[in-house]
Amino acid sequence: MATPLVAGLAVAAAALAGRYSIQAWNAYKARPIVPRMRKFYEGGFQPTMSRREAALILGVRETVNAEKVKEAHKRVMVANHPDAGGSHYLASKINEAKDILSGKTKGGGSAF
């Protein structure tokens, strides 16, 4: 006696779950497509690197301490090292940015 009742409730629950799943899928497909790409800095390098440009290259603020500059340099250099298929030009710019933010040079020290 209870078996047909339980089976009926299970079928009804499955039907409701299916209905709401289809509605959720249709709402998901109908949402506007929003580009999820990160906005990068548009433009090339300046002839003489400024602190602002150096901070943009390393992904830190202009007024950051030397330890953060060192960590950011390591992170960016691992991704762009010439031995790992990166560009020698970008590696020189990354090193120049580290030198400027750490106070070793005033700019214009790129090898290229």
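Predicted model: local features only at pLDDT ≥ 70, side-chain atom pairs only at ≥ 80, totals over all residues.
## Order of elements

Among contacts between residues at least 6 apart in sequence, 42% join residues at least 24 apart.

## Surface and burial

Of the 112 residues of the protein, 17% count as buried. The accessible surface comes to about 8800 Å², and 61% of this surface belongs to carbon and sulfur atoms.

Helix α2 spans residues 51–58, and its buried residues are Glu53, Ala54, Ala55 and Leu58. The cover over these buried residues includes α3 (66–80) and α4 (88–102). An α-helix has 3.6 residues a turn, so residues three or four places apart point the same way. After α2 comes glycine 59, which has a positive phi, near 75 degrees.

## Aromatic rings and a charge

The protein has 2 aromatic pairs. One of them joins phenylalanine 45 and tyrosine 89 in an edge-to-face arrangement, with 5.5 Å centre to centre and 70 degrees between the planes. Because phenylalanine 45 lies in the loop between α1 (2–30) and α2, while tyrosine 89 belongs to helix α4, this pair ties together parts that are 44 residues apart in sequence. Phenylalanine 45 is partly exposed, with a relative accessible area of 34%, and tyrosine 89 is likewise partly exposed, at 32%.

A ring also takes part in a contact of another kind, in which the charged end of arginine 19 sits over the ring of tyrosine 20, 6.0 Å from the centre of that ring.

Terms used. Residues numbered from 1 in each chain as written. Heavy atoms only, no water. Buried < 20%, exposed > 50% of the residue type's maximum accessible area, 1.4 Å probe, protein only. Helix = DSSP H or I, 4+ residues; strand = E, 2+ residues; numbered from the N terminus. Contact = heavy atoms within 4.5 Å. Areas by Shrake-Rupley, 256 points an atom, 1.4 Å probe, with all protein chains shown as cover. Phe/Tyr/Trp six-rings, centres within 6.5 Å; stacked < 30°, edge-to-face > 60°. Lys NZ or Arg CZ within 6 Å of the ring centre and 35° of its normal.
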